[in-house]
Amino acid sequence: VRLAIIATNDFHGALEPQTPAWAEGDTIGGAATLASFIRPVEARYPGATLHLDGGDEMQGTVISNLTGGGSSIDVMNALGVDAAAIGNHEFDWGIETLQARIAQADYPFLSANIFVKATGERPSWAVPYAWLERAGLRIAVIGATTTLTPVTTLPKNVEPFEFLDI
């Protein structure tokens, strides 16, 4: 059985292409460009493609920030993400916004290493893993969030949580 795994990471709301100074005039990135890489893989491996995202989908551009990341989740839904890790920047707008984006997503956000300090329990929105079926295979996908999250996002947004070594 052949299985194609598409891995994206650190999208950071890059919905539109950019022309950064270092690109010497070339336009790079954007959702349409990303789709142009994903769709041929899906076509080559119909029913046997997993699209996994490593997190940090939302924060980083004006268009994504204006919607609290909602526009990025709409695009990730359209791109067919199957599961995503909860990235450190998913906490940038606070837990309520993170929970709203998780509810908006057509895919699970995963993290096996987030716990509430006061109880030692996982928060209800921190699902540790998901089972996905492709090409007759049952595949477990486990998510993790960087242990550096308390210092790479606004500390008050994650104060109630600990991020343990996976």
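A salt bridge, as I use the term here, is a side-chain nitrogen of Lys or Arg within 4 Å of a carboxyl oxygen of Asp or Glu. I am working on a predicted model, in which local features need pLDDT of at least 70, side-chain atom pairs count only at pLDDT 80 or more, and totals for chains, interfaces and linings use all residues. Residues are numbered from 1 along each chain as its sequence is written, and side-chain values use heavy atoms, with hydrogens and water left out.

**Entry 1: salt bridges**

I started with Arg134 and Asp82, whose side chains meet in a salt bridge at 2.4 Å, N to O. The two sit in distant parts of the chain, 52 residues apart: Arg134 in strand 6, Asp82 in the loop between helix 3 (70-79) and strand 3. My helices (H or I, at least four residues) and strands (E, at least two) are DSSP runs, numbered from the N terminus. Are Arg134 and Asp82 buried or exposed? I found Arg134 buried, and Asp82 as well. For that call, buried means under 20% relative accessible area, exposed over 50%, and partly exposed in between (1.4 Å probe, protein chains only).

How many salt bridges does the rule give? The count comes to 3. Arg39 and Glu42 make one of them, 3.0 Å from N to O. Both belong to helix 1, and because they are 3 residues apart there, about one helical turn separates them. Arg39 has a relative accessible area of 34%, so I logged it as partly exposed. Glu42, at 25%, is also down as partly exposed.

Lys117 and Glu159 form a salt bridge too, at 3.8 Å, N to O. This pair again links distant parts of the chain, 42 residues apart: Lys117 is in the loop between strand 5 and strand 6, Glu159 in the loop between helix 6 (155-158) and strand 8. Lys117 counts as partly exposed, with 46% relative accessibility.

**Entry 2: the rings**

Next I went through the aromatics. Rings of Phe, Tyr and Trp (its six-membered ring) pair if their centres lie within 6.5 Å; planes under 30 degrees apart count as stacked, over 60 as edge-to-face and the rest as tilted. The structure holds 4 aromatic pairs. Phe91 and Trp125 are one: the centres are 6.0 Å apart and the planes stand at 65 degrees, so I call the pair edge-to-face. The partners are 34 residues apart, with Phe91 in the loop between strand 3 and helix 4 (95-104) and Trp125 in the loop between strand 5 (114-116) and strand 6 (129-134). Phe91 is buried at 0% relative accessibility, and Trp125 is buried at 9%.

Phe91 has an edge-to-face pairing with Phe163 as well, 5.6 Å centre to centre with 85 degrees between the planes. Phe163 lies in strand 8 (residues 161-163) and Phe91 in its loop between strand 3 and helix 4, so the pair ties together parts 72 residues apart in sequence. Which residues make up the aromatic cluster? Phe91, Trp125, Phe161 and Phe163 form one cluster.

I also looked at Trp131. The charged end of Arg138 sits over its ring, 4.1 Å from the centre; the rule wants NZ of Lys or CZ of Arg within 6 Å of the ring centre and within 35 degrees of the ring normal.

I then traced an open sheet of 4 strands in the order 1-2-3-4, with parallel pairing. Two strands pair if DSSP finds at least two bridges between them. Strand 1 (4-8) and strand 4 (109-110) are the edges, each pairing on one side only. Helix 1 (residues 31-44) packs on this sheet, touching strand 1 and strand 2 (49-53), and its direction makes about 165 degrees with that of strand 1. Contact means heavy atoms within 4.5 Å; axes are lines fitted to C-alpha atoms, for helices over the stretch in contact, and angles run from 0 to 180 degrees between N-to-C directions.

Strands 1 and 2 run parallel and are joined by 5 bridges; Ala4 has Thr49 in strand 2 as its bridge partner. Strand 2 is mostly covered, with 4 of its 5 residues buried. Strand 3 (residues 83-85) and strand 4 pair in the parallel sense over 2 bridges, and Ala85 stands opposite Leu110 in strand 4.

**Entry 3: positive phi**

Last, I checked backbone angles. His12, in the loop between strand 1 and helix 1, has phi near 50 degrees, a positive value in a residue other than glycine. Ala135 also has phi near 50 degrees, and I found it in the loop between strand 6 and strand 7 (137-142).
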